[in-house]
Amino acid sequence: MSSRGITIDRRRLGLLGAGLAVTSSSLGVLPDLVSPAKAAPAAPETGPIKVGILHSLSGTMAISEAPLKDVMLMLIAAQNVKGGVMGRQLQPVVVDPASNWPLFAEKAKQLISVDKVAAVFGCWTSVSRKSVLPVFEQLNGILLYPVQYEGQECSRNVFYTGAAPNQQAIPAVDYLMNQVGVKRWVLEGTDYVYPRTTNKILEAYLKSKGVGPADLMINYTPFGYSDWQAEVAKIKTFGSAGKKTGVVSTINGDANVPFYKELGNQGIKATDIPVVAFSVGEQELAGIDTKPLLGHLAAWNYFESVDTPLNKEVVAAFKKSVNDDKRVFNDPMEAHYIGFNMWLKAVEKAGATDHDAVIDAMVGVAYPNLSGDFATMMPNHHLTKPVLIGEVQGNGQFNVVWQTPGLVVAQPWSPYLPESKNLIGDWLPPMSCGSYDVVAGKCLGSHKA
Amino acid sequence: MQLDRTTTAVTLVCVLGGSALLAVSNLLYPATSVLHVPDFVISLVGKYLCYAILALAVDLVWGYVGILTLGHAAFFALGGYAMGMYLMREIGARGVYANPTLPDFMIFIGWNKLPWYWYGFDHFLFALAMVVLVPGVLAGLFGWFAFRSRVSGVYLSIITQALTYALLLAFFRNDMGFGGNNGMTDFKDILGFPLNRESTSAGLMLITAAVLSSAFLLARAITHSRFGRVLVAVRDAEARTRFLGYRPESYKLVVWVVSAVIAGIGGALYVPQVGIINPSEFAPGNSIEAVIWVAVGGRGTLAGAILGAIIVNLGKTWLTNALPEIWLFAFGGLFILVTLFLPRGIIGLFAARPAIRGAPEAESSAAESAAREVAG
Amino acid sequence: MTNGNLLLQLDGVSVSFDGFKALNELSLALESGEMRAVIGPNGAGKTTMMDVITGKTKPDAGRVMFGDDTDLTRLDESAIARLGIGRKFQRPTVFEPLSVRDNVLLALDGDRSPRFALWARESLDEHARIEEILRTIRLGTERDRPATELSHGQKQWLELGMLIAQDPRLLLVDEPVAGMTDAETEATADLLREINHTRTVVVVEHDMAFVRALGVKVTVLHEGSVLAEGSIDQVQNHPRVIEVYLGR
Amino acid sequence: MTRIQHGPRKSWRRSLYGPRCVLLAAVLVAVPALADAARAAHDSFANIAASTFDLEAQGVRELAVSGSPRAAAVIDALRDRRLFAWKWPRPDTPLYIRIDTGFVDARTGNPVAAPNRVNLRQVIVNDSVRSAIDTAEGALGLFSSNVATRRKAADAIFQTADAGALPLIERALAKESDAEVGRVLREARAAALLKSNTGSTSERLSAVGEVAARADLSARSLLASLQGQTPQVAAAIGAAVHDIDRRLQLWALAENVYYGLSLGAVLLLAATGLAITFGVMGVINMAHGEMVMIGAYTTFVVQRLITASAPAIDDFGVLVAVPAAFLVAGALGVVIERTLIRFLYGRPLETLLATWGLSLILQQAVRSIFGPTNQDVSSPPWMSGSIALGGLTLTVNRLWIILFAGLVLAALMATLRWGGLGRSIRAVTQNRRMAAAMGIRTPWIDALTFGLGSGIAGMAGVALSQIDNVSPNLGQNYIIDSFLVVVLGGVGNLWGTLFAAMSLGVVDKFVEPFEGAVLAKIVVLAFLILFIQRRPQGLFPLKGRAAEA
């Protein structure tokens, strides 16, 4: 009897039923449950303009993403003081995708379809971007994505304010090749899409520069890898072939500290084998022992240390807004700064928050970089950027040792990869296509607007 | 018996009725209406129902045979990957590189030919078969080894965790050909129904509800059969059942495989609704989370598993919005409170007599064996 | 003593747990239809002997022949049980959450395969046998209560009932009357004798009065091997037995 | 066995303004060749602020040998980015050094009125310049009175193998008393000789021999880098390189074992605590990893406190942290046992769930207190760098960890065997009732045992803080491995734990080169799953009635 499922006495059965019923019906009122604002029928033309902020505030990615939320809040507050845009105030809608990729998609849906935000600033990892991409394309939203990434993507609904590979990786390699005289290359990366693609591009690029396969070593390690002994020893041996050797590191976040420590301990100094990293910025250096990293390099489009009045002003404003002097300002934060201001301009240009209008208006908008000169939103929804090479300093900051003479135009489709060498993205009519095959003369994939 | 039927009825009504209600108000009422349920709520509910299926699978093995599985999310994810592979092939030439056969991520890592284990996934039925077979076979092998060599109690729990952990690492590797860390996403349509259409997501949710209900009925049928009673017997006094001439291992194996398959189907339904499948689904934490859903709802009461999954996830959705930093405290606290003060879960509160009076004894016997194993 | 053929034969069985010899060259023969009482001080190896017979423990040396041709040491518990060897534990172990009749139902001899269990419906014959057994163990009125609610004595009886349901050729009964009232003990003795009409029984017991009441051949174990064998009076007067029990 | 300090170099500010300057002066008087260079002192600053790094590096070399009394100070300033030059490059550009009080003229060292920043640019260095600075340092170090410094300098000279340094080396050799340093200097000379395309074939051949004798990577890379040699020499070089490679391969094998052992040591540390709580008490503590994490954070806090209060013993903060971590984690363990675990004895699966919940709480708590970012735990000099043992490079921090793991295990075994607590623990685990009857307060012993296990986990955290990130998720990465180690080794058997940890480490490191790090881990896991199923009791099962059933 009692073994058969469960036994209920009649008095309480009602309760149980009620319990389940409440649960199921409560799903109906989820919109109120999950978002403070009541579901509006359609984006209102009056009242505050809502801006979505989609960055992980908890979980493993919180380290990198939480500061971006602070930047956005600062920018929005500042803009509201200036009277908002088109006479309307801006209202931030912050959600926490908790470093959980499916949750990113869910929250994106909520922001666009329930909160009816005018634009979303968010995502960090490639996988989070990939998981929200279909949502933005389906609901025709606007995403401003502030992080350097692997490229090979060009969506109409996304504005990539971070660097494409040719705006970070390739100049860095040029620097090592020409300024430091590196002849032998180690491409060391964490095993996920960004390093894989970047290294593929670099491999092709280096080959095109006449680097033989014997002088190229590519190596992948898992996330959070901490036991670098063998790997570093490999690099050491590889570097003992009598040619100047350099390491191009696409190692992700947490694995970096043990890596540099091991380098230091095995006696590899930046002067022997320089390491240039693409994922190590001020935020990553904050609060780690930088001694082992001294003199190693990083390639970004911005460093907090760049010496321009505008930069000093913005950084100061940020530190004030979070009233913490120890907080740092890094490349993706600058990207958000530029992206946000570009979006404002676009809204004013379009005279509305209507997505299609804004998307078209964005292209061609220019705004000053914190590192000087102007960033322009190109028809491929990427920015023109300067590329800076910085050396790690004792104080967790970078010192710029080299900088591209001019601005670099992004190539989301790498010309060094066979599958994408004929592709370009151009969202201006007549082309209006994210992946246009200039040879076949037709638009590939489903990116046609 | 009478009362038990009523519980079942209540559960079915709530699952089917509730979801139907939502679907209707989503499709019939215009977006302007107050009664309109936004699209994302539908996919949200769909997600919850998938979790409920997973919870059901966990309850079947934990509640009735006392196998505390810390790796069931692995079967869930495998089912999801099987479905994901189908959806990937469905994209066809609409991918970024317009390659009719190769998924984008393969071109990404420079493959020019489809690996053999991707063959056939362009057929929906084949994919469905895999959804059932892959988790089933893996569970079969794993269980056959484990149960035959009488690995039990915490040891079993630990190696189930190791299993899902190993799979996690494996699927992270890009060379595996399953999209590495990014997994698979950007799906276009399923059986020709575009995934981005409201009616599709509503339909998927309804199907999920239907599957959940039938899984519930199946599980109920199993646990009510003589087989089910043997399971309880094995859970509480495995040695005794041996001396009665039963082979506990074969009973465990059967229910283990069934449970894994249910979990796999849940995963298959999960993927089209959340639009992405990637290795993070294998994370050991997910499996343990599923166990706590069951614990909250009430272990060994199938209805409780469903209730728990939905309630906990509602709380998660709400908390991650309202107070992100509180979330982990609340969730962790839930584990402790439930195990300390609510060993029979929410349903237990309603049950006149212990739903599984055996539970504490069951544990203590398990404990003794553990104690014996570690004695000295 | 009946002069039937040998049903069970332990032949030089030794079991040792790191150094400590639980069974030491134990040899013991049992005729079918016989009831045998096994006594001995703690650590004499009584329970270990049962473990060996039922396949729970594999001996380091020696054979355990069941009938003429089956060596039990090669089989596992469930196989041995299906050969027709039933065991009752010292501490009554029944399936607590299951109802009394379900306990008996699961014990009824028959197909033990999962496939069968999945589709099995309770047949009339099964029903009849369950009712009969419930009557024999005097739990008819308790049939639908969960076993966990039974008194200690009732659990002991339920377990015996399950043994009967198994319909074994050989019963191994470990301290059946531990913690029973005199009346219950009396009844249990009767029940065992009744069972013995059709089956071979081995009773391990401390309670001398009970063993005397059974009035059967007694085997005394000491330090893992047979110390003495015979009627209760014979063994009680056996000098070495006295020495072992009373010490010097 | 020679000890090379690879750790972060001390800033010149400390080292040079003091004895080094004197030393430099000494060099100057000692070396007439440099003295007449000094006459050209005013030029020697020309390139120091050059517009290209190559020219700048050139400038550093010039300045280093120029013998200008300001050389050390200027090079020091350059390294620390305190050197400022006229924005628009010109040979006689004014050079300023920023000091705390203001600016001084780089050439004279006299204070100057703060120049208008607008016209100044900070002179920056990159790696090529920095290596030039290293050579300069080497040049100066060669004449140190301290043998170790000379040894280091000689090594630096050898590494850079700069033909221009030949005369310098010769002078140093002439004065060198220490045999060891002398050898290195001769090697350096040989290297420099080979670089400079001077010297007769026979000289060059012997030089090759001398360099090859080092038989290490730097020798190999030097030889491999030599181009356009006479066939005879080239052949000798080829043979030498091949010979070195062959030796290195053997060493590589030994090195792999070392890597395996050090990984094993880490696993052992992480698992030892668990061997107590799980192995001895049978408590499934999923929050074990968090105990390790808390130990690591304790290290962080202790270091902070010491830096704040007693900078003198800064380098030994780690040592202080060991007992601290033990106490903190141990105390926490006792609290947990009293408030949570004890209600769950005999219900291992519930314990598992509850402690998992606990681990989430602990992680989030640490995240809220210290923030989500990694914390900065620095490695003291005596724990960084590496020891060269023949062809082996043994990293010092790993050596310490291996040693530490051994000590912890030994101490634990001793406690269990001879300690009063250990006796009671064994009594309780063997026969609780009897122990209680004999007046042992079993609940208290339970608490202490759990505390002991947690405390050991805390000490593991101190070690891990030296090689891994100190972040809230630190423990997560070790919990599964720890359980597998304990189970593999045979529960309740410390020797088994030791053996299991070490063999896992070595296996992992030997699979890694072939399969890559990820697959290595997977292979090990798969192997473990199968193994545990074959031998549920682990490598060293406990026999006995208890273990049966």
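In chain D, the centres of domain 1 and domain 2, taken over C-alpha atoms, are separated by 47 Å. Domain 1 of chain D covers 2-209 and domain 2 of chain D covers 252-534, according to the domain assignment. Please keep in mind throughout that what we are looking at is a predicted model.

Let me turn to chain B as a whole. Its secondary structure comes to 15 helices and 4 strands, and along its principal axes the C-alpha trace of chain B spans about 65 × 50 × 40 Å. The radius of gyration of chain B is 21 Å, which agrees with the value near 21 Å that a compact globule of 376 residues would have. Of the 376 residues in chain B, 65% are buried, and if we take the contacts in chain B between residues at least 6 apart in sequence, 77% of them join residues at least 24 apart.

Now to chain A, and to strand 3 of chain A, which comprises residues 119-122. Which residues of strand 3 of chain A point one way, and which the other? A119(A) and F121(A) point one way, V120(A) and G122(A) point the other way, and all of them are buried, which in this model means that each has 20 or more other C-beta atoms within 10 Å of its own.

As for the neighbours of this strand, strand 1 of chain A, residues 49-54, pairs with strand 3 of chain A in the parallel sense over 4 bridges, and in that pairing A119(A) is the bridge partner of V51(A). Strand 3 of chain A also pairs with strand 4 of chain A, residues 143-145, again in the parallel sense, over 2 bridges, and here L143(A) in strand 4 is the bridge partner of V120(A). Together with helix 5 of chain A, residues 126-139, strand 3 and strand 4 of chain A make a right-handed β-α-β unit.

Further along chain A there is an open sheet of 3 strands in the order 17-18-19, with antiparallel pairing. Strand 17 and strand 19 of chain A, the latter at 442-443, stand at the edges with a single partner strand each, so one side of each is left without a neighbour in the sheet. Strand 18 of chain A is joined to strand 19 of chain A by 2 bridges, the two running antiparallel, and the bridge partner of Y436(A) in strand 19 is C443(A).

The loop between strand 17 (423-426) and strand 18 (433-437) of chain A holds P430(A), and the peptide bond from P429(A) to P430(A) is cis, with omega near 5 degrees. S432(A) lies in the loop between strand 17 and strand 18 as well, and although S432(A) is not a glycine, it has a positive phi of about 40 degrees. By way of background, most residues other than glycine have a negative phi, and most peptide bonds are trans.

Is S432(A) buried, partly exposed or exposed? S432(A) is partly exposed, because 16 other C-beta atoms lie within 10 Å, and a residue counts as buried at 20 or more and as exposed at 12 or fewer.

Finally, in chain C, phi of D167(C) is near 55 degrees, a positive value in a residue other than glycine. D167(C) has its place in the loop between helix 6 (152-166) and strand 7 (170-174) of chain C, and D167(C) is partly exposed, with 15 other C-beta atoms within 10 Å.

How values were computed: Residues are numbered from 1 along each chain as its sequence is written. Chains are lettered from A and ligands numbered from 1 in the order in which they are written. This is a predicted model: local features need pLDDT of at least 70, side-chain atom pairs count only at pLDDT 80 or more; totals for chains, interfaces and linings use all residues. The radius of gyration is taken over C-alpha atoms; the globule rule is 2.2 Å times the number of residues to the power 0.38. Two residues are in contact if their C-beta atoms, placed from the backbone, lie within 7 Å. Domain bounds come from an automatic or database domain assignment. Two strands pair if DSSP finds at least two bridges between them. A crossover is right-handed if, with the strands pointing away from the viewer, the path from the first strand over the helix to the second runs clockwise.
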